[in-house]
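Hi,

Here is the structure I said I would pass on.

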Amino acid sequence: MLSNTQLGSFTNFKTRKMSMRLPNSQSFLDFKDTQLGNSLNSGFLDEPRCIKQVISCLAPLKTLTCTVLDGPRWSKDSKQSLSCSRPLKFKNYSNQEVGLFRTVERNKNLLSVRVKSVMDVSKVVEKDEVAEGRNKGGQGGYDAIVIGSGIGGLVAATQLAVKGAKVLVLEKYVIPGGSSGFYERDGYTFDVGSSVMFGFSDKGNLNLITQALAAVGCKMEVIPDPTTVHFHLPNNLSVQVHREYDDFISELTSKFPHEKEGILKFYNECWKIFNALNSLELKSLEEPLYLFGQFFKKPAECLTLAYYLPQNAGAIARNYIKDPEVLSFIDAECFIVSTVNALQTPMINASMVLCDRHFGGINYPVGGVGEIAKSLTKGLVDQGSEILYRANVTSIIVDNGKAVGVNLSDGREFFAKTIISNATRWDTFGKLLKKQDLPKEEENFQKIYVKAPSFLSIHMGVKAEVLPPDTDCHHFVLEDDWKNLEEPYGSIFLSIPTMLDSSLAPKGRHILHIFTTSSIEDWQGLSTKDYEIKKELVADKIISRLENKLFPGLKASIEFKEVGTPKTHRRYLARDSGTYGPMPRSIPKGLLGMPFNTTAINGLYCVGDSCFPGQGVIAVAFSGVMCAHRVAADVGLEKRSPVLDAGLLGLLGWLRSLA
Ligand SMILES: NC(=O)c1ccc[n+]([C@@H]2O[C@H](COP(=O)([O-])OP(=O)(O)OC[C@H]3O[C@@H](n4cnc5c(N)ncnc54)[C@H](O)[C@@H]3O)[C@@H](O)[C@H]2O)c1
Ligand SMILES: CC(C)=CCC/C(C)=C/C=C/C(C)=C/C=C/C(C)=C/C=C/C=C(C)/C=C/C=C(C)/C=C/C=C(\C)CCC=C(C)C
């Protein structure tokens, strides 16, 4: 039932006018309540969902989440004014009409929506509660709630939705994507995180991003990247990782002719693993019917993968290569995808990235990385599931040892048959479940893995003429000493996505996204003024290094600059200490210790980079596929065998304890 205050505030909306701020892009709206001044919610203008969110904000009620009855028809006139051709009607889950809304005027960048009429919601809500509402997760309710809309969460959600599940994604921020999101400033569209996309080709079984999009009917235009990365390393070692494998190998072996045989043997071993992976249909390794089926169909490939599961790339490289400089190069190859050296990087993960970049190649989505999350979100809604923004989950509700729902910071509660957390394991178990004892499995995880440092990131807009015309899109810079590879601020990552898609910046400008590892401890305890000064100083040093090494005149060419610290990552990505993901404390047993998706709490699953196989967009996409398969089996949407389940989950738990 509703409290009087809730009813009161809802009723006030009958006469309240809301304003929507239209940012530059015209594609995204921020809804503001002009009387109260607070932001209500945000969404994409071209989707009925955005209006739906306004309604769910209007009624911060447990059960009154409305679906759109009659989709809007937006049109733009020559002055870019927006109007809606017919009134919007809404109904709740009991199929009752609850509101009629009509857009009216646009003044500068303020669009006004007037609530024309709202039904007597108190009756509607009461009825809805009695009807064993969808929020209760009962018959016809949500099959899954996903906390967070990173790529891991979105892939899990969309895969479940296409299997027929009803999913609710709750995102704390105002747009989807997490580290794979975007932001817009002064005509630039910046990728929040990396712009190097693996798994985004039209070939094989490992193009998991392409497949995740295709599952919900989306296909994105991509731009092939001719060079995955250009390494600028100590002793002036410069290596371009060309798209064509043979070109890359001949460049590398031309620098180290005495190690040609060893280099070939190492990369060939990577191909053996990649080919085994690429031959499998990828689903949950925690689901025995599928796993045994794959062993039956592809025994040699599965045994190959089982053999390499506990191994690391550095140890295998040392079987073939002796020259410390080549081994350091392989460390750098691994570091850019795992934030640790090759000795600590699981061989399966190294093989995946060292080969996919040549097999399917690295491909950049037109419009920026943020388009991937936007498309997945659209696909999710098209499948009849939902996403809410500014929905900050503060705790997971556990009833009789089973995860059954979530509490939000604004007092709302949602219930579902299963809960999937896309927050990191440190956030999930340390914050969302802080009232529960830390399960033994999680203690083990934290014994083997620590939080990787975060990043200092600099997003810049520069005059185009400062970059030579043949500049590669991605660079990795470690100037003088291999020992600095893993040190904070030691090595610099640089992406220039406008080399591939010039539409991301105003004409005559390029985007430089620079990042380097940095720990949150380095940024704590500073006054606001000292924090700002430090940001400028550290950023200035990094930019000077790039100016000296790559682009003379860089500083003078800067038109726009924004610096983010680990605190920024913590705030906007809701990741404990702003961490990039888990990294092994010492030498791990390959991937053996990495947990899958089920957790010690019945009904609670994790997805994202603190699950097998770890950090990386394609890696979290795989964790999403695995998670959706296991959850679908558990809610009865896929075949399952409870007896085999118990056996396999026990076996996997035991294997992890060996790590
Ligand atoms: N920095 C980079 O270079 C970069 C760039 C892009 C992607 N990536 C990869 O993406 C991986 C992370 O992807 P992911 O899917 O695991 O997660 P993610 O961190 O990208 O997304 C998690 C999402 O969950 C939301 N969230 C967290 N706690 C919440 C709460 N309590 N309530 C509501 N929402 C909450 C966050 O706002 C975020 O949108 C990283 O490992 C990284 O490898 C990295
Ligand atoms: C279960 C048991 C016990 C057994 C059985 C056996 C089997 C069958 C097995 C199987 C397995 C599998 C399937 C596996 C899989 C795996 C995978 C898929 C993996 C993947 C991975 C991936 C990764 C790791 C990725 C990563 C990436 C990244 C991180 C990226 C990043 C990037 C960046 C940062 C960029 C850079 C930049 C510059 C340079 C500028």
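Below are my notes on the ligand site and on one of the helices. Keep in mind that this is a predicted model.

Let's start with ligand 1. There are 31 residues around it, and those that come nearest are Glu171, Ser179, Arg575, Asp609 and Gly616. Sorted by class, this shell has 12 nonpolar, 15 polar and four charged residues. Two helices, α4 (151–162) and α18 (617–634), each supply at least two residues of the shell.

An N or O atom in the side chain of Arg575 sits 2.5 Å from an oxygen atom of ligand 1. For Ser194, a polar backbone atom is 2.9 Å from a ligand oxygen, and for Tyr580 a polar side-chain atom is 3.3 Å from one. How much of ligand 1 does the protein bury? Taken alone, the ligand exposes 870 Å², and 96% of that is buried by the protein.

Now the helix, α11 (residues 324–338). At 1.5 Å a residue, its 15 residues should span 21 Å, and the end C-alpha atoms are 20 Å apart, which agrees. Because 11 of those 15 residues are buried (under 20% relative accessible area), α11 is largely enclosed by the rest of the structure. Among the buried ones are Leu327, Phe329, Ile330 and Phe335, and also Asp331 and Glu333.

Both ends of α11 have something to look at. Asp323 caps the N-terminal end, with a side-chain oxygen 2.7 Å from the backbone nitrogen of Glu325. Just after the helix, Thr339 takes a positive phi of about 60°.

Cheers

Definitions and conventions: Residues numbered from 1 in each chain as written. Chains lettered and ligands numbered in written order. Predicted model: local features only at pLDDT ≥ 70, side-chain atom pairs only at ≥ 80, totals over all residues. Heavy atoms only, no water. Near = heavy atom within 4 Å. Polar contact = N/O pair within 3.5 Å; in protein donor to acceptor, adjacent residues only side chain to side chain. Areas by Shrake-Rupley, 256 points an atom, 1.4 Å probe, with all protein chains shown as cover. Helix = DSSP H or I, 4+ residues; strand = E, 2+ residues; numbered from the N terminus. Nonpolar A, V, L, I, M, F, W, Y, C, P; charged D, E, K, R; others polar. Expected span 1.5 Å × (residues − 1). Buried < 20%, exposed > 50% of the residue type's maximum accessible area, 1.4 Å probe, protein only.
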